[in-house]
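Please consult the sequence and the structure shown below.

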Amino acid sequence: MKIEWTGEIDGYLRQRACDQVSKVYHENSKLSPETARRQGGAAVTNPMEKYISSRGFRQYEHLPQVPLPAVMPNARALSDVLRARRSRRELTGSFSLAQLSSVLQLALGPTLVFESDPEKITQAWRAWPSAGGLFPIDTYVIVRNVEGVDEGLYHYNVSTVALERLPSRAAAEILEDGFFWQQWVTTAAATILLVASFERTQAKYGERGYRLVMLDAGHAAQNVLLVAEQQGISACGVGGFCDDSLAADLDVDGVEEAVVHSLVLGTPGEQPQ
């Protein structure tokens with residue numbers, strides 16, 4: 001099949017491609033032996049990269065805080081959790097703040113906080129692999145029916161271990177516009193939004209950094225799904241959302257910072273009134 005390209009050809013393209021933007025991007029973000037050697041030569045993390053990674057999260061400390069309780073102990077084996085995990089859409093039933101806290105802290109929170117040497121920069125590692133240890137994902141939670149916390153829009157602060165209450169319209173309205181009025185989403189107990197700050201990763205990895213950010217989101221999302229299963233919470237990943245609507249509610253620009261994945265959580269139960 002002959003492929004014709006009618007647009008302008010980027011100098012880095014090694015062959016002609018069709019006019020799908022995804023294919024143009026995929027070609028431009030490939031690693032060649034030359035670019036791999038160049039990036040490999042700069043693989044040692046410098047002080048600026050350590051500083052960036054140590055601030056790899058948003059904070060809204062001036063907003064009302066909901067402290068998160070300690071992680072709930074759970075004896076379920078990982079093998080059992082993996083075999084039991086399914087995407088479920090019966091999510092109207094509530095669960096507790098302690099369960100939500102366990103999901104956020106185990107899946108997305110710091111697993112080790114340490115001071116680098118000799119720069120004396122405090123860094124926090126997380127439970128998912130991240131290119132360059134830069135962790136470009138921030139976490140927001142839309143609460144509808146979680147015991148112990150008011151309905152609303154929150155940001156998970158990994159540093160203070162708290163939910164920060166953001167000013168917002170009603171949670172139901174955010175979900176209706178953000179998820180195309182899908183009832184099983186709009187009536188779910190809680191929705192976790194993974195928001196990427198692309199520059200955190202692209203500053204080091206250039207165009208390929210966009211791919212790496214998406215991998216971050218996938219790794220983090222799988223953690224959420226598995227920990228939710230362990231905690232007795234049903235969950236489902238959702239890629240079909242209105243990007244601009246959610247960006248507006250979160251007060252991000254939708255370009256340099258954008259929602260890249262969502263996880264809908266709940267338990268089987270009666271639909272809330």
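The model is predicted. Its protein chain holds ten helices and eleven strands, and 48% of its 273 residues are buried. A search of the whole structure finds one cavity of 30 Å³ or more and zero disulfides.

**Chain as a whole**

- Of the contacts in the protein chain with a separation of 6 or more, 74% join residues 24 or more positions apart.
- The protein chain has an accessible surface of about 14,000 Å², and carbon and sulfur atoms contribute 53% of that surface.

**Largest cavity**

- The largest cavity contains about 50 Å³ of space.
- Its lining is formed by F57, L108, R126, W128, I137, D138, T139, Y156 and V158.
- By class, six residues of this lining are nonpolar, one is polar and two are charged.
- Strand 5, which spans residues 137–143, gives the most to the lining of the largest cavity, with three residues.

**Cysteines**

- Across the whole structure, the search for disulfides returns zero.
- C236 has a relative accessibility of 5% and therefore counts as buried, the limit for that class being under 20%.
- C242, at 25% relative accessibility, counts as partly exposed.

**Helix 10**

- Helix 10 covers residues 243–250, and its buried residues are S245, L246, A247, D249 and L250.
- Among the elements that cover these buried residues are four strands or helices given here with their ranges: strand 7 (152–157), helix 6 (171–178), strand 9 (190–197) and strand 11 (257–266).
- D251 follows helix 10 and has a positive phi, near 60 degrees.

- S159 lies in the loop between strand 7 and strand 8 (162–166).
- With a relative accessible area of 46%, S159 is partly exposed.
- Apart from neighbours within four places in sequence, S159 is in contact with F57 and Q59; F57 is also one of the residues that line the largest cavity.
- The C-alpha atoms of S159 and R58 are 9.5 Å apart in space, although the two residues are 101 residues apart in sequence.

Note on methods:
Residues numbered from 1 in each chain as written. Predicted model: local features only at pLDDT ≥ 70, side-chain atom pairs only at ≥ 80, totals over all residues. Heavy atoms only, no water. 1 Å grid on protein atoms, 1.4 Å probe; cavity = no way out; pocket = protein on both sides within 12 Å on 5 of 7 lines; lining within 4 Å. Points joined across faces, edges and corners; volume = space filled by probe spheres on them. Helix = DSSP H or I, 4+ residues; strand = E, 2+ residues; numbered from the N terminus. Nonpolar A, V, L, I, M, F, W, Y, C, P; charged D, E, K, R; others polar. Disulfide = S-S within 2.5 Å. Buried < 20%, exposed > 50% of the residue type's maximum accessible area, 1.4 Å probe, protein only. Contact = heavy atoms within 4.5 Å. Areas by Shrake-Rupley, 256 points an atom, 1.4 Å probe, with all protein chains shown as cover.
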